[in-house]
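Let's walk through this one together, starting with where the two chains meet and then moving inside one of them.

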Protein chains: 2
Amino acid sequence: MLSFTFQNPTKILFGEGMIARLGEQTRPYGTTVLLVYGSGSIKKSGLYDQVIEQLKSIHARVVELSGIEPNPRLTSVHKGIELCRSEKVDLILAVGGGSVIDAAKAIAAGALYEGDVWDFCIQKAVIQQALPIGTVLTLAATGSEMNGNAVISNWEAQQKRAFGSQHTYPRFSILDPTLTYSVPRNQTVNGIVDIMSHVFEQYFSLTPDTPLQERLCESILLTLIENAKIALEQPNNYEARANIMWCGTMALNGGLISVGMQNDWSSHGIEHEISAIYDIPHGAGLSIVFPNWMKYVYKERIERFTQFAQRVWGIKRDSLSDEELALAGIDATRAFFTSIGAESRLADFNINNDQLDHMAKEAVLFGPIGSFKKLEQTDVQKILEACL
Amino acid sequence: MLSFTFQNPTKILFGEGMIARLGEQTRPYGTTVLLVYGSGSIKKSGLYDQVIEQLKSIHARVVELSGIEPNPRLTSVHKGIELCRSEKVDLILAVGGGSVIDAAKAIAAGALYEGDVWDFCIQKAVIQQALPIGTVLTLAATGSEMNGNAVISNWEAQQKRAFGSQHTYPRFSILDPTLTYSVPRNQTVNGIVDIMSHVFEQYFSLTPDTPLQERLCESILLTLIENAKIALEQPNNYEARANIMWCGTMALNGGLISVGMQNDWSSHGIEHEISAIYDIPHGAGLSIVFPNWMKYVYKERIERFTQFAQRVWGIKRDSLSDEELALAGIDATRAFFTSIGAESRLADFNINNDQLDHMAKEAVLFGPIGSFKKLEQTDVQKILEACL
């Protein structure tokens, strides 16, 4: 186990009807709230009205920024920053999924920074402060509700970049599983793939002697696998939605499940290059990339992959060699993704090899990526080719 | 899964040599530090000098309170409160195990309360504020380094009572596994039993549909079982000590592993009555009580016990009945405790049945205890009799 520091101050309010506590949670931060949301599905579902009612109950002044994109864009972040400054916003309230929350984080940090917020994404500046953020989560996926990370797309530059800061942890997050009942099937699938991928990025690690962390990762994977099909067959099943939602938060709550472990994150890096150009859903991109990444790297520490096959997929060792066992686990991963309807090839989005060179080059712009196996441009290119 | 709120703001600094960051962590809270510790083993080990050096480096004024007892006493807490007031203490720094940290929490809350701090222990008052607390942990056991709970003994009244508050979470805790190398064998054993017992209190629950939480509990138990014997045979094995230390923190870090589950805590309640009178080590008391509690209650939800037997102890179902499987898991628990040298009977401490009535009565002073099975006085009496 490596040395580490960990702190996660986000307050979680989890359960049906927790929206009723939004007012009381918001009040301490001031009177002017920037309400950030997406395409308007929260208006159809009635959640918007509930949020407004709560904010009215504490006499908050509400400023709105709607239309945050699924891969949230720098242009939207800029709009939000402007609103924060002109309206003297006290708290940013993100109501939506990870994209909306990520946009809120970038706005919160950008509003108190003299330069361009994109500086944080390209490692030109480090976040020193941010406006307080609260969230109401409507989609189980990114874990953004309980960490300080965000991913922003600069559409003009065709770049998708992440930042993380202790200052951009939400102060509170309201997680009501019933709000995910209406999430469409494909978004539910992408969310599940995203959560599993977050675990993979932490679990496939070269750090020795981390038995608790490995088991925590496996716990989340097993719970997701059990609950995915239930939620897909019965979208209004509270327990399945609740379990998936909590798995999503736990999978990336400031890195608690993998403290003291080196993480990888190269599959995310590769996926970001794909969706930066083609704007495909992040979860779909991960579903395509991850099993191919696994096949490319498993020999670096085959015993982690044999453990994965046995503990997560329940594959018996019997007479299988390490190699066969590891590959059976990877195949089981792909088979599971396919069984829930996740995409497996770039061709599913009509993406061909036109931009492979460009994507591979961009992925390693700041140097080789990953830690389980350090990937150079040629490695990324090979993985992308396997994804075609 | 039940609805829940969760927030744990404690900052963890984990790893060898982390004491070097004590000064920087302490500085923001002011200049006068109340250093709380136990019998002086930190002087023998050299840790005391390291702490003083760190505090000197930030020009802190150090006030000392030593001699905190293994079951920390109200009299010591009163001394600390007096010091806080007379010396205008800014931060309380606990250097030791759970007892020292618990005492620090009571001092922190009592210093800012007009009445007697014991009021918090007997539910006569609720903590509204507390001085900031920092900790340097020297013993893996109670989890007190990352939660708001404390247990205090009122020796005159022969009462041992707990309180918990959001205000008494340590602001930071330094966890260096090498500081536990010198922990004597019996204290290491008691710590491991204590950690496992914390998990048991959460794991044996009637709340349905909590698959992730159950697996997180099992993850900690499995990791402890694997590492206990290594640490006992090789006290200076970093990885074993680190894994046990992190298990201890995770087992009770504000209840994260069992959010949305009803907890039990009756075995702790029963044990507190034993050590309130006989001053035996808490972990030893738990080792005696817990398997007997298990045997008394397992039929309330036998499938949790069959799951425990299979997943934690690796017992195969084969042709075993639920009953046999559940009992085999309980026997395996006792066998494990015995294998690491933990006590199994009150007789091991020369405790007979003289005070059983009194203990059973005190245990239910505020009403029946537990939730897996609600225990009345007669139930507690029967469990205690089984412990003889």
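Buried area here is the accessible area (1.4 Å probe) that two parts lose on being put together, summed over both. On that basis, chain B and chain A bury about 3,400 Å² between them, with 62% of it on carbon and sulfur atoms. On the chain B side, M1(B), L212(B) and R215(B) give up the most area to chain A, together 18% of what that side buries. The contact (heavy atoms within 4.5 Å) draws in 41 residues from chain B and 41 residues from chain A.

A word on the ground rules: this is a predicted model, where local features need pLDDT of at least 70, side-chain atom pairs count only at pLDDT 80 or more, and totals for chains, interfaces and linings use all residues. Residues are numbered from 1 along each chain as its sequence is written, chains are lettered from A and ligands numbered from 1 in the order in which they are written, and side-chain values use heavy atoms, leaving out hydrogens and water.

Back at the interface, there are 2 salt bridges between chain B and chain A, counting a side-chain nitrogen of Lys or Arg within 4 Å of a carboxyl oxygen of Asp or Glu. In one salt bridge, R215(A) meets E226(B) at 2.5 Å, N to O.

Now look inside chain B, at strand β8 (residues 172-175); strands are DSSP runs of E, at least two residues, numbered from the N terminus. F172(B) and I174(B) point one way, S173(B) and L175(B) the other, and all are buried, meaning under 20% relative accessible area (1.4 Å probe, protein chains only).

Note on methods
Buried < 20%, exposed > 50% of the residue type's maximum accessible area, 1.4 Å probe, protein only. Helix = DSSP H or I, 4+ residues; strand = E, 2+ residues; numbered from the N terminus.
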